[in-house]
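Colleague: I have this one open in the viewer, could you walk me through it?

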Amino acid sequence: MTRLGRGEQERIAKALADDRRFEILETIAGAGELSCKALVERFPITQATVSHHLKELYVAGLVTFRQDGQSRYYRARPEVLEQYLQQVERRLLRSRSRTTS
């Protein structure tokens with residue numbers, strides 16, 4: 001498994017720090033695949049705001065999409081999240097072991 005670089009880790013952390021963005025990612029992951037339109041219908045925010053959150057999730061590598069005509073259908077990338085969590089855990093546990101030694 002490829003390690004995430006520092007910039008990738010920071011983009012993921014920033015993407016996950018926003019509560020609404022986290023909810024959008026959670027909704028996509030639970031559904032398997034959703035269009036931007038379907039997400040707009042599920043959240044009390046504008047289409048522009050949903051699109052912004054999707055862009056941030058995409059730039060962070062947490063979602064991917066396929067284009068079908070005018071619509072984009074988004075899917076979560078759980079392998080990226082798993083990689084991120086493993087690296088965070090390693091860093092935090094390593095930090096803890098240094099302070100207890």
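Predicted model: local features only at pLDDT ≥ 70, side-chain atom pairs only at ≥ 80, totals over all residues.

Colleague: Start with the layout, then. How many helices and strands are there in the protein?

Modeller: The protein has five helices and three strands, and from the N terminus on these elements run in the order α-α-β-α-α-β-β-α. Along the principal axes, the C-alpha atoms fill a box of roughly 55 × 25 × 20 Å, and of the 101 residues, 30% count as buried.

Colleague: And what share of the contacts with a separation of 6 or more comes from residues 24 or more positions apart?

Modeller: Such pairs account for 55% of those contacts.

Colleague: Now the surface. Which residues gather in the patch of positive charge?

Modeller: The patch is made up of Arg3, Arg6, Arg90, Arg91 and Arg94, and helix H5, which covers residues 78-100, gives the most to it, with three residues. For the protein as a whole, there are 18 positive and 13 negative side chains, with the centres of the two sets lying 6 Å apart.

Colleague: Take Arg94 in H5. Why does Arg94 count as partly exposed?

Modeller: Arg94 has a relative accessible area of 43%, and the partly exposed class lies between the buried limit of 20% and the exposed limit of 50%, so Arg94 is placed in that class.

Colleague: Switching to Gln9, where is that, and is Gln9 buried or exposed?

Modeller: Gln9 is in helix H1, residues 6-17, and is buried, with a relative accessible area of 11%. Leaving aside residues up to four places away in sequence, Gln9 touches Leu4, Tyr84, Gln87 and Arg91, and Arg91 is also one of the residues in the positive patch.

Colleague: Last one, Val63. What does Val63 touch?

Modeller: Val63, which is in strand S2 (residues 63-68), counts as buried at 1% relative accessibility. Not counting residues up to four places away in sequence, Val63 touches Leu25, Ile28, Leu54, Leu57, Tyr58, Tyr74, Arg75, Ala76 and Arg77.

Colleague: What separates the C-alpha atoms of Val63 and Leu16?

Modeller: Those two C-alpha atoms are separated by 12 Å, while the residues are 47 apart along the chain.

Colleague: And how much accessible surface does the protein have in total?

Modeller: The accessible surface comes to about 6,800 Å², and 50% of that belongs to carbon and sulfur atoms.

Key. Residues numbered from 1 in each chain as written. Heavy atoms only, no water. Patch = residues over 30% accessible without salt bridge, like charges linked within 9 Å, V, L, I, M, F, W, Y side chains within 5 Å. Areas by Shrake-Rupley, 256 points an atom, 1.4 Å probe, with all protein chains shown as cover. Salt bridge = Lys/Arg side-chain N within 4 Å of Asp/Glu carboxyl O. Lys, Arg positive; Asp, Glu negative; His and termini not counted. Charge placed at Lys NZ, Arg CZ, Asp CG, Glu CD. Helix = DSSP H or I, 4+ residues; strand = E, 2+ residues; numbered from the N terminus. Buried < 20%, exposed > 50% of the residue type's maximum accessible area, 1.4 Å probe, protein only. Contact = heavy atoms within 4.5 Å.
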